[in-house]
Amino acid sequence: MDFSNFTEAFQLLADPMVFLFLICGVLLGVIVGALPGLSATLAVALLIPFTFDLSLMPALAMLIGVYAGAVYGGSVPAILFRTPGTPASAATVFDGYALTQKGESQRALSVAAFFAMVGGLIGTVILILLAPQIANIALRFGPPEYCALALFGLSMIVAVSGESLLKSAGVAIFGLLLATVGMDPITGYPRLLFGSVSLMEGIPFIPALIGLFALAEVFRSIGNTEQIAQRSSGKFAWPMRSDMIRGSWTGIRSGLIGTGVGSTPGSGSDIAAFMAYGIAKQRAKPGDTFGHGDIKGIAAPEAAKTGSISGSMVPLLSLGIPGDAVTAVLIGAFILHGIQPGPLLFEQHGPLAYSILATVLVAHIVVFLVAILGTRFLVRIVACDRKLLLASITILALLGAYALRNNIVDVWVAISFGVLGYILEHQQYPVAPLLLALILGPMAEENFRRSLILSDGSYLVFLTHPISAIILTLSVLSLIFSVIRRQKPRNG
Amino acid sequence: MRVDFTLSLLPPGIFLATTAVALWQSATFPKAAGGVPGPALVPMILAVVLGLASLALVTGALQRRNLSGKSENLKSRPEDTAKASVPWRRLGMLLAAIVLYLVVMPWMGFISSTTVFIAVSLFCFDYRKGIHNWAFAILAAYILYALFALLMNVPLPVGWLG
């Protein structure tokens with residue numbers, strides 16, 4: 001690595017205008033991310049036209065700021081109202097909302113902000129040091145590996161969700177079956193549509209997510225509208241030292257997982273967050289209280305999802321391949337501003353390439369500072385009358401589902417999933433595997449079918465490819481360990 | 001007890017119904033050609049596995065009912081009490097209000113229908129402060145309109161009443 005490039009990069013970043021636009025981007029991103037139904041992709045896409053008249057660095061700083069801000073912003077409603085603002089924040093719900101229910105929303109928000117920064121910094125440092133090497137590994141992934149990766153993500157969440165493996169697996173398979181609704185990924189044949197053109201692209205997962213978490217919670221709370229008193233320090237919500245220490249290893253490990261997953265094209269921060277949460281829960285020690293407000297349960301998804309932001313920059317900058325939907329939009333913005341991401345970027349425009357990396361690094365720190373300064377104001381929202389809050393969440397959830405595509409069918413999808421989520425939770429079925437199956441299902445099926453086509457219909461293709469075989473073995477092992485883990489308390 | 005048992009069959013019942021629909025529909029999809037799997041392959045496999053899992057879940061529920069039926073002096077568990085305390089009437093009212101809201105919004109208009117919906121939903125959540133309900137509902141409807149329609153250009157129906 002050429003350090004002179006990096007010094008020049010920081011000089012580019014020292015421009016006050018760059019810093020100002022970065023802060024503006026972060027603030028905007030946090031607000032958009034916090035609104036259910038509005039994703040980081042949408043935030044970046046909406047902002048691109050406003051950056052046309054800006055010079056290169058302020059424009060890039062603002063776009064990266066929006067991206068980082070929106071990814072963190074999604075966790076705010078996830079923690080306060082059990083309504084993930086973005087799919088990546090769904091895994092934060094489990095322990096973040098549990099802390100809010102205990103009156104410790106300020107603590108949850110500050111811990112989330114801290115570990116989001118930890119994951120982001122880890123990811124960016126790795127990005128700076130190892131971008132070419134990670135990109136090489138990611139390039140070796142073919143259809144069998146992607147299929148195995150999707151199944152691994154799903155097996156992790158099945159392994160750690162709920163008390164019954166059968167219930168958890170049943171929900172996951174149900175989700176995978178629902179994920180086949182829409183056009184067949186290989187032939188384009190319409191499947192299980194029942195005449196609805198709106199479902200041609202499949203069941204939209206953001207309305208499904210809004211229904212499963214926000215509306216189901218509203219239905220569940222209708223019989224319990226008691227106010228939950230929130231503890232507040234009244235000062236800046238700096239995370240407690242004990243919480244930082246407790247979640248440190250989980251945060252570092254999850255940041256690494258997030259970076260690895262994010263650098264694999266096609267795997268976004270949602271998969272990273274669920275995978276890190278699953279691994280953290282599987283490695284739980286006696287005394288850990290995952291699902292009941294454990295700090296590690298917030299540290300894992302938060303660090304992983306911001307780690308994946310940096311990870312997704314690896315294929316974007318070094319190969320010119322977008323890692324996920326947001327970076328696909330970002331790549332368009334880069335080209336609009338005259339930058340062609342790819343292998344030549346670091347060679348021909350070293351300082352510029354490293355200034356982008358430095359911007360990502362600073363963006364994570366700015367998001368943390370904005371979050372810490374804003375947390376005590378956010379907590380006041382939860383202190384409002386709970387009945388007013390529930391009515392507001394209901395209407396916001398319905399509008400959030402509609403606003404995504406301006407399609408009323410999406411609202412019906414949200415309501416259906418709300419009722420479904422309520423029924424499942426009422427009968428102690430975990431809903432997380434359903435959501436992850438909807439996200440991973442299309443990726444799994446497309447690559448499963450492509451693998452079979454490439455191997456002339458031989459199912460052995462998944463075992464003859466070493467990376468795919470290793471990932472599948474890990475999936476099976478995670479399920480076996482989960483069975484053993486579940487049997488231990490019964491025997492003990 | 002009987003209500004609890006019936007409710008416990010609801011998720012596997014939904015799974016089984018989905019299995020039946022998926023199998024029935026998948027049978028009409030084009031078949032595999034030249035060794036290349038067709039669009040029915042994955043839904044078929046998943047439907048069969050889901051069907052088996054659902055049957056296992058139903059069997060489990062039946063076994064639990066038989067076991068609890070045999071034990072005398074059966075004391076209700078805390079979660080059973082929680083299940084029993086579901087406010088079905090208010091839940092039904094809220095769901096009906098949501099459905100009605102979506103149906104009338106296109107011709108009534110966003111602001112008016114949203115105002116009425118928020119006021120009714122507050123009533124469902126047991127917030128009954130008369131004028132406060134309506135003041136909050138009107139304010140919230142206008143804020144939401146400004147946020148979604150004016151700021152984010154989401155097309156919202158104007159209808160007869162606005």
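These legends walk through several close-up views of a predicted two-chain model.

Because the model is predicted, local features are given at pLDDT of at least 70 and side-chain atom pairs at pLDDT 80 or more, whereas totals for chains, interfaces and linings use all residues. Residues are numbered from 1 along each chain as its sequence is written, chains are lettered from A and ligands numbered from 1 in written order, and side-chain values use heavy atoms, leaving out hydrogens and water.

**View 1. Chain A as a whole.** The secondary structure of chain A comes to 21 helices and 2 strands; helices (H or I, at least four residues) and strands (E, at least two) are DSSP runs numbered from the N terminus. Of its 492 residues, 64% count as buried, where buried means under 20% relative accessible area, exposed over 50% and partly exposed in between (1.4 Å probe, protein chains only). Chain A exposes about 17800 Å², with carbon and sulfur atoms supplying 67% of that area; accessible areas come from the Shrake-Rupley method with a 1.4 Å probe, and for residues only the protein chains shown count as cover. Among contacts (heavy atoms within 4.5 Å) between residues at least 6 apart in the sequence of chain A, 79% join residues at least 24 apart.

**View 2. Where chain B meets chain A.** Here 60 residues of chain B touch 58 residues of chain A. Together the two chains bury about 5200 Å², 84% of it on carbon and sulfur atoms; buried area is the accessible area (1.4 Å probe) that two parts lose on being put together, summed over both. Look for L46(B), L102(B) and F125(B), which supply 12% of the area that chain B buries against chain A, more than any other three residues. Elements giving two or more residues to this side of chain B include α3 (41-70), α5 (88-108) and α7 (131-151) of chain B. By class, the side of chain B that touches chain A has 48 nonpolar, 8 polar and 4 charged residues. For these classes, Ala, Val, Leu, Ile, Met, Phe, Trp, Tyr, Cys and Pro count as nonpolar, Asp, Glu, Lys and Arg as charged, and the others, Gly among them, as polar.

**View 3. D184(A) and its two arginine partners.** A salt bridge is a side-chain nitrogen of Lys or Arg within 4 Å of a carboxyl oxygen of Asp or Glu. D184(A) forms one with R191(A) (3.5 Å, N to O), and both residues are buried. D184(A) also forms a salt bridge with R449(A), the closest N and O atoms being 2.6 Å apart. D184(A) lies in the loop between β1 (182-183) and β2 (190-191) of chain A and R449(A) in helix α19 (residues 432-454) of chain A, so the pair ties together parts that are 265 residues apart in sequence. R449(A) is buried too, as is D184(A).

**View 4. Further salt bridges in chain A.** K296(A) pairs with D288(A) in a salt bridge, their closest N and O atoms 3.1 Å apart, and both are buried. Elsewhere, R82(A), E217(A), R220(A) and E425(A) are linked in a network of salt bridges.

**View 5. Two loop residues with positive phi.** Most residues other than glycine have a negative phi. F194(A), in the loop between β2 and α10 (205-221) of chain A, has a positive phi of about 55° although it is not a glycine. F194(A) counts as exposed, at 54% relative accessibility. N406(A) also has a positive phi of about 55° without being a glycine, and lies in the loop between α17 (386-403) and α18 (408-426) of chain A. N406(A) is partly exposed, with a relative accessible area of 35%.
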